[in-house]
Amino acid sequence: MDATPEPRVTLTGTLPAIALPAIGQGTWYMGEGLAPRRDEVRALQQGLELGLRLIDTAEMYADGGAEEVVGEALNGRREQAFLVSKVYPWNAGRQRAIDACERSLKRLNTDHLDLYLLHWPGDIPLDDTLEAFERLQAQGKIKRFGVSNFDIDEMQQLASLPGGGQCAVNQVLYHLGSRGIEHSLLPWQRQQGTPTMAYCPLAQGGRLRTKVLNHPEVLTLSSELAITPAQLLLAWAIRPVGGRRDVIAIPKAVQPEHVRQNAEALNIDLDEAVLARLDAAFPAPSRKPPLDIV
């Protein structure tokens, strides 16, 4: 089956806008032998069939092993996916980023990425990375580029550079128990029209992690709504703000039931009363904390 779920988040920039489902598929820890490879491949294919088009991976994950899993999953169905990968900061130089991208493309068994991200800020000047990304675009090897784990000062620096305004997305840790980006970073990105990709949306980590999935209010609300705690967290992460959705959550799932539940979370709308109860249990920060990372 080929579903086209709502809601969607729109990526703009210099290319024609593209609308993506607000929940995608993460691959961190895939390719490490924690689950049978065939199960990881099947899970990604199931997600595609349920309309979870965006698949996020990185050269860091399992030293390229996750990219190989994704490449196997996309064999014969590359056109169904919006494919994202990430480059190490030390590989983000003018030529090294191009070489790293070529290696990722080989592991993924594709000739292009839909989105290529700098995995986190490093020592290589952003100008050099932007130049490499623009060359990769010109060569047709990537369609869009963005960043990951950038805080507001780093995003502002990026935006001040020639070509930096083409940044399509910033991928950061964001979940109900880690709301630090809501103080400064998320409002700034919304002002700029830059969507956010939320990794670890099911509260898998971060300095601010609490026992979110087992919190009494999360358990009570999920029971009242007849959904799972994980679905509640996903629906919260992609909730519209000001009538607009601009967060894409990328949970990892291997078990078929978890993949199905993730896709179903796209259709869960949380009303103001539910959101108010979650805000009371997990307040947004009153001052800017350091960027939470895993």
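Select the eight strands of the open sheet, which run in the order E3-E4-E5-E6-E7-E8-E9-E10 with parallel pairing; strands are DSSP runs of E with at least two residues, numbered from the N terminus, and two strands pair if DSSP finds at least two bridges between them. Strand E3 (25-26) and strand E10 (247-249) stand at the edges with a single partner strand each, so one side of each has no neighbour in the sheet.

This is a predicted model, in which local features need pLDDT of at least 70 and side-chain atom pairs count only at pLDDT 80 or more, while totals for chains, interfaces and linings use all residues. Residues are numbered from 1 along each chain as its sequence is written, and side-chain values use heavy atoms, with hydrogens and water left out.

Within the sheet, select strand E4 (residues 54-56) and strand E5 (residues 82-87), which pair in the parallel sense over three bridges. Asp 56 has Val 84 in E5 as its bridge partner.

Next, select strand E1 (residues 8-11) and strand E2 (residues 18-21), an antiparallel pair with four bridges. Arg 8 stands opposite Pro 21 in E2. On E1, Val 9 and Leu 11 form the covered face, and Arg 8 and Thr 10 the uncovered one.

Finally, display the whole protein chain. Its C-alpha trace spans about 55 × 45 × 35 Å along the principal axes. Of its 294 residues, 56% are buried, meaning under 20% relative accessible area with a 1.4 Å probe, protein chains only. Among contacts (heavy atoms within 4.5 Å) between residues at least 6 apart in sequence, 78% join residues at least 24 apart.

Technical notes: Buried < 20%, exposed > 50% of the residue type's maximum accessible area, 1.4 Å probe, protein only.
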